[in-house]
Amino acid sequence: MSAVIDSHGQAHDHHGGGYGGIMRWITTTNHKDIGTLYLWFSFIMFMTGGAMAMVIRAELFEPGLQFVNPDFFNQLTTMHGLIMVFGAIMPAFVGFANWQIPMMIGAPDMAFARMNNWSFWLLPFAASMLMLSFFMPGGAPGVGWTLYAPLTVQMGMGMDLTIFAIHLLGMSSIMGSINIITTILNMRAPGMTLMRMPLFCWTWLITAYMLLAAMPVFAGAVTMTLTDRHFGTSFFNAAGGGDPVLYQHIFWFFGHPEVYIIALPAFGVISQVIPAFSRKPLFGYASMVYATSAIAILSFMVWAHHMYTVGMPVTGQLFFMYATMLIAAPTGVKVFNWVATMWRGSLSFETPMLFACGFLFLFTLGGFTGLVLALVPVDIQLQDTYYVVAHFHYVMVAGALFSAFAGIYFWLPKWTGRMYDETLGKWHFWLSMIFFNMIFFVQHFLGLAGMPRRIPDYPLMFETWNKISSIGAFGFGLTQLLFLYIVLKAIRSGEKAPQRPWEGADSIDWTMIPTPAPYHTFETPPVIK
């Protein structure tokens with residue numbers, strides 16, 4: 001039994017023995033094993049959601065209906081969104097948290113090791129329920145990932161499976177958050193004060209609190225949908241005195257913080273990578289912590305900017321417009337600090353740094369289109385067009401995904417003891433960068449020209465940009481197979497990683513301890529694994 005309970009990887013029996021092979025992975029309570037499980041799960045979901053995106057882009061390659069009927073097209077857009085947000089991006093960053101947080105703060109493991117195991121194993125069952133909804137009578141819900149009422153009340157049994165899957169995903173997130181908060185607040189090594197923690201720990205601490213505040217709200221929204229469907233309530237049914245717009249308020253009170261729940265850990269990863277490859281400590285550490293907190297608080301006050309077209313009073317529109325523009329200030333502080341960190345640094349551009357720079361450039365662009373959409377008169381024109389699709393993919397893909405790639409390349413030598421192929425890594429970056437912009441940059445033009453999102457067919461005038469977008473999508477999808485090859489090659493036959501894989505990047509000084517304080521200023525030396 002000790003082989004399972006022990007918190008250090010070496011104690012596990014990898015082959016044979018009572019807990020060899022697959023049982024080790026099912027019963028593990030080791031934060032590194034669980035981090036690995038999260039990362040592989042998120043990659044499988046990323047490829048699954050990506051396959052759905054490929055079908056969507058194949059259908060949109062030219063006008064007319066080619067491959068799928070409109071019903072199935074809507075089911076694909078719904079599941080693509082849910083799987084990418086809850087199955088791919090969030091578990092990837094929880095994987096990073098599991099791997100890195102205990103090592104960064106000098107803790108032996110996560111605070112609740114067995115709960116950690118449980119919060120992971122809820123995910124494959126939730127994902128299976130989402131996928132099973134395709135095979136129910138009537139198929140998966142074709143309502144968009146936001147699951148807007150009143151359409152959700154008329155869907156088939158696939159909708160119920162989706163609701164239960166969301167409950168499981170929410171339980172997993174809440175347990176993971178409790179674990180992260182407790183670990184960071186209670187298990188830091190002596191001398192590791194809060195303001196000495198690596199920024200990655202700070203962003204996750206704040207994100208975990210956001211998850212605790214936001215996830216139950218979403219659970220409430222889908223539970224009200226469930227009772228409207230089966231128990232005769234009328235929360236969102238106007239005929240019974242309810243209001244479909246109430247659903248939007250509840251959903252977006254969760255949905256907008258959710259965007260930052262995805263973005264903040266990404267900021268944390270970037271705040272580790274850029275100082276390492278600039279060979280100097282992060283510029284403005286304290287302001288980064290305060291900016292992160294400000295973003296978290298403001299993100300709960302801007303939800304109705306997704307709802308300018310529901311007929312809210314002008315006063316309400318003005319409040320949400322100004323509050324939304326205010327979020328640009330702390331985000332601008334972060335971008336300034338990252339650029340200032342690189343300024344006059346001794347820069348080198350290995351793959352993690354390339355992805356970090358790609359993130360910086362494209363995420364900022366996504367932020368600017370967000371400011372455009374914050375303007376009420378502009379948004380009323382662009383609501384539900386491809387401009388919105390382009391905007392949030394710049395934030396989600398160039399923001400979250402690129403930073404996840406940066407983190408994986410950055411920490412892979414630490415995790416596996418082996419180096420990846422640098423040349424192939426650079427190919428992965430440049431191909432991803434070019435194809436990403438091919439897909440989504442042109443979608444701004446489609447949106448400005450008035451092409452609505454979530455439609456399987458379109459007028460001839462939109463054909464050129466859709467063709468370019470679809471070609472980019474297939475290129476981007478194939479490029480991610482290269483990424484899989486790079487990771488597997490590194491694990492199986494990569495060169496042994498040196499003690500300090502990033503030559504000159506002083507990983508102990510600058511990415512573990514954010515303040516440039518020498519060791520003797522600590523009461524006790526920090527424990528760094």
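**Loops, buried serines and enclosed spaces in a predicted model**

I would like to start at Arg344, which lies in the loop between α12 (328-342) and α13 (351-374), where a helix is a DSSP run of H or I with at least four residues, a strand a run of E with at least two, and both are numbered from the N terminus. What we have here is a predicted model, in which local features need pLDDT of at least 70 and side-chain atom pairs count only at pLDDT 80 or more, whereas totals for chains, interfaces and linings use all residues. Residues are numbered from 1 along each chain as its sequence is written, and side-chain values use heavy atoms, with hydrogens and water left out.

Returning to Arg344, its phi is near 60 degrees, a positive value in a residue other than glycine. At 76% relative accessibility, Arg344 counts as exposed (over 50%; buried is under 20% and partly exposed is in between, with a 1.4 Å probe and protein chains only). Leu147 also has a positive phi, near 55 degrees, but Leu147 is buried, with a relative accessible area of 1%. For context, most residues other than glycine have a negative phi, and most peptide bonds are trans.

Leu147 sits in the loop between α5 and α6, and that brings me to Pro150, which is found in the loop between α5 and α6 as well. The peptide bond that joins Ala149 and Pro150 is cis, with omega at about 5 degrees. Ser133 belongs to this loop too, between α5 (113-132) and α6 (151-154), and it is buried, with a relative accessible area of 0%. Not counting residues up to four places away in sequence, Ser133 touches Met79, Gly139, Ala140, Pro141, Gly158, Leu161 and Thr162, a contact being heavy atoms within 4.5 Å.

Ala449, in helix α16 (residues 422-449), counts as partly exposed at 43% relative accessibility, and beyond its neighbours within four places in sequence it is in contact with Met461 and Phe462. Ala51, in helix α3 (residues 31-59), is partly exposed at 40%; Ala51 and His80 are 29 residues apart in sequence and 8.6 Å apart in space, C-alpha to C-alpha.

Now for the chain overall. Its secondary structure comes to 18 helices and zero strands, and of its 529 residues, 57% count as buried. Among contacts with a separation of 6 or more, 80% are between residues 24 or more positions apart. Along the principal axes, the C-alpha atoms fill a box of roughly 70 × 55 × 45 Å.

Points are joined across faces, edges and corners, and a volume is the space filled by probe spheres set on them.

Of the 18 residues that line the largest cavity, Met90, Pro91, Val94, Ser173 and Leu211 are the closest to its centre. Helices α4 (70-105), α7 (157-186), α8 (199-230) and α9 (244-278) each supply at least two lining residues, and α7 gives the most, with six. The lining divides into 14 nonpolar, four polar and no charged residues, where Ala, Val, Leu, Ile, Met, Phe, Trp, Tyr, Cys and Pro count as nonpolar, Asp, Glu, Lys and Arg as charged, and the others, Gly among them, as polar.

Finally, the second largest pocket has a volume of about 180 Å³, and its lining has three nonpolar, two polar and four charged residues. Those residues are Met419, Tyr420, Asp421, Glu422, Lys489, Ala490, Ser493, Gly494 and Glu495, and helix α17 (residues 463-493) gives the most to this lining, with three.

Methods:
On a 1 Å grid over the protein atoms alone, a cavity is a set of points where a 1.4 Å probe fits but cannot get out, and a pocket is an open set with protein on both sides within 12 Å along at least five of seven lines; lining residues have an atom within 4 Å of a point.
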